[in-house]
Amino acid sequence: MGQLVDGRWRTENILTNHDDTGLYYKRPSIFRDRISSEPGAAFPAEPGRYHLYCAVACPWAHRATLMRTLKKLEPFVTLTNAFQEVDGQGWSFGEDGHIVPGTDRRVRWLHELYTLAEPGCTTRVTVPTLWDAKTRSVVNNESSDILRIFNTAFSGIAEPTPDYYPEPLHSSIDATNALVLKGVNNAVNGCGYSISQEAYDSSVKILFETLDGIEQRLSLRRYLCGDAETEADWRLFPSLVRFDPCYYVGYKCNLRRLSEYHNLSNYLRDLYQAPGIAEVCDIAGMKRGVFGKAGPVHANGIIPIGPTIDYRAPHDRSRFARVN
């Protein structure tokens, strides 16, 4: 995809994403500030100030879109989805470009926002990216941070919503997030992007052992950390909703389909049917982003027609108590 090096777009593989064994890994984000309701905060929670850049194709960005919906932040954080172009410069806004909030600058590529904020930066250019129109700067481009920001930062001005990181469950959520990050999020990418058989074999083993474990966990409770949805569920959801349509074939995660897991597939439908979630799950767009000519899967750009999955079909998760 290329990267910024000293503020210039470079297509050479300088900031590598593979270790010595050929295993793919995600490089850490460099923008890690936070929006806060605390007095004197550099980025205070205010309406009409912040803008979120995401992409339908990206599961990491999908996390942020989901939390924006769950916390009812649409009036406070506007949204633009970018996409990939063949031979492009990373995430694109298309030929017509995009006017950067807080400026009169029209840009075609997301990396132009990064250098507008920090002219000499060296980094991968990723979604989600959270932008502050007032200071014309990138607040944060780490999805896990953005989830926490959205969960609490706007509580004083947005309508009441559940807390997806409640204090009594911090340790359980953190441990589950670590499990999901290594065993699902990163393992899927390890299957799809690793460049050695050894790395692929290791990733696919980790992935399906983790899915087997989560299947067993969900036989005992409705959600990952108990009887209420938490951040952990919504960090897992983007990988699950893409699994059969995208990952099973495109990323060679083809030991088993998710639909073959009774509890996981019912759990996925339970989450998908939460208010507002289906509207931010563009399955056809996810497939275009993966299988299109500009996508990460080396194919001819033909989008597969299947599989047909009815995420609105009844689920059996109501047998467990639910707390909100």
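How do the residues of the lining of the second largest pocket divide into nonpolar, polar and charged, and what else marks this structure? In this predicted model, the lining of the second largest pocket divides into six nonpolar, four polar and four charged residues. The volume of the second largest pocket is about 240 Å³. Its lining comprises 14 residues, of which L70, K72, P162, Y164 and P275 are the closest to the centre of the pocket.

Helix α4, spanning residues 170–193, bends by about 40° at L181. Buried residues of α4 include I173, T176, N177, V180 and G183. The cover over the buried residues of α4 includes α1 (59–70), α3 (143–152), α5 (197–217) and α6 (231–250).

Strands β9 (residues 129–132) and β10 (residues 137–140) form an antiparallel pair over three bridges. Four residues lie between the strands of the hairpin, where R136 takes a positive phi near 55°.

Two cis peptide bonds may be described. One joins V127 and P128, with omega about 5°; P128 is found in the loop between α2 (111–117) and β9. Another joins G306 and P307, with omega about -5°, and P307 is found in the segment after α8 (283–291).

Positive phi values also occur in loops. D6, in the loop between β1 (3–5) and β2 (8–10), has a phi near 55° although it is not a glycine. D6 is exposed, because its relative accessible area of 58% is over 50%. K252, in the loop between α6 and α7 (262–272), has a positive phi of about 60°. At 39% relative accessibility, K252 is partly exposed.

Key: Residues are numbered from 1 along each chain as its sequence is written. This is a predicted model: local features need pLDDT of at least 70, side-chain atom pairs count only at pLDDT 80 or more; totals for chains, interfaces and linings use all residues. Side-chain values use heavy atoms; hydrogens and water are left out. On a 1 Å grid over the protein atoms alone, a cavity is a set of points where a 1.4 Å probe fits but cannot get out, and a pocket is an open set with protein on both sides within 12 Å along at least five of seven lines; lining residues have an atom within 4 Å of a point. Grid points are joined across faces, edges and corners, and a volume is the space filled by probe spheres set on the points. Ala, Val, Leu, Ile, Met, Phe, Trp, Tyr, Cys and Pro count as nonpolar, Asp, Glu, Lys and Arg as charged, and the others, Gly among them, as polar. Two strands pair if DSSP finds at least two bridges between them. Helices (H or I, at least four residues) and strands (E, at least two) are DSSP runs, numbered from the N terminus. The bend at a residue is the angle between axes fitted to the seven residues ending there and the seven starting there. Buried means under 20% relative accessible area, exposed over 50%, partly exposed in between (1.4 Å probe, protein chains only). Contact means heavy atoms within 4.5 Å.
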